[in-house]
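The exercises below are meant for someone meeting this structure for the first time. Please look at the sequence and the model, try each task, and then read the solution that follows.

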Amino acid sequence: MGLFDSLRSVLGMSAEADATRAADPEDLFGMSTAYLTMAADLDFPSAGEAALCFSNVDSTDFASTVEEVEAILDAGKEETGTDHWRHSDDYGYHWFVLHDSDPEDLVTSVHFAADEFVERGYGSRLLAALFAFERDGGYVYWVYSFRRGAYYPFVPTGTSSRDSKLEFKLQAVLDGELTVEADEEYWYPLWPDRAGRHPWE
């Protein structure tokens, strides 16, 4: 899966000291207008995919929470047509992956899922939400860190390289419309296993 130790150490369990505030799913709604800016001003339309990454808890109550999140997404599919599936990676992290051609539906679905974790007392298990954009066969991401309470851009150009120049351009255009992480040390990469693939694949 390509998350490596960066996600484990910064977005994961040992990130408690770096957390700025409790997870707030309401922050995700900033992406509702950012989608428009990405497409109109930067020529990066939505890739029709988003994902919510979380860490597991070995308890019956947490398993019940995950099942409830799936039930919420199932119910939402009836309304919006948003497809979803659950994935576990080789590093022990779990994903709800969503697909919908309507970016608004993706934002709403990710919000509902994250909000259920918070309502059930598991907001601390939320790691990141990723929103994918595409152009010329490549992907660009806005990553929301629940531990930091902010977004940051991530533009992989392979399995271990990134386009920092484009990331700074995205920051310049979207800062203010999104709450962008001011400390670039926290713009941690979530590498895909293969070039041209998503981090959750």
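**Exercise 1: the surroundings of Tyr139**

Tyr139, leaving aside its neighbours within four places in sequence, is in contact with Ala47, Glu49, Phe133, Glu134, Val155, Pro156, Gly196 and His198, where contact means heavy atoms within 4.5 Å. The model is a predicted one, in which local features need pLDDT of at least 70 and side-chain atom pairs count only at pLDDT 80 or more, while totals for chains, interfaces and linings use all residues. Residues are numbered from 1 along each chain as its sequence is written, and side-chain values use heavy atoms, with hydrogens and water left out.

**Exercise 2: the whole chain**

Task: how many helices and strands does the protein have, and in what order do the elements run?

Solution. The count comes to five helices and six strands, and from the N terminus on the order is α-α-β-α-β-β-α-β-β-β-α. Of the 201 residues, 51% count as buried, a word that stands for under 20% relative accessible area, with exposed meaning over 50% and partly exposed in between (1.4 Å probe, protein chains only). Among contacts between residues at least 6 apart in sequence, 70% join residues at least 24 apart.

**Exercise 3: Thr82**

Task: decide whether Thr82 is buried or exposed, and find the partners of its side chain in polar contacts.

Solution. Thr82 lies in the loop between helix 3 (60-80) and strand 2 (83-88), and with a relative accessible area of 2% Thr82 is buried. Its side chain makes a polar contact of 2.7 Å with the side chain of Thr80, and another, of 2.6 Å, with the side chain of Asp100. A polar contact here is a pair of N or O atoms within 3.5 Å; within protein, one must be able to donate a hydrogen and the other to accept it, and residues adjacent in sequence count only if both atoms are side-chain atoms.

**Exercise 4: two residues with positive phi**

Task: which loops hold Asp43 and Asp136, and what are their phi values?

Solution. Most residues other than glycine have a negative phi. Asp43, in the loop between helix 2 and strand 1 (46-55), has a positive phi of about 60° although it is not a glycine. Asp136, in the loop between strand 4 (126-135) and strand 5 (138-145), likewise has a positive phi, near 55°. As for accessibility, Asp43 counts as partly exposed at 48%, whereas Asp136 is exposed, with a relative accessible area of 79%.

Technical notes. Helices (H or I, at least four residues) and strands (E, at least two) are DSSP runs, numbered from the N terminus.
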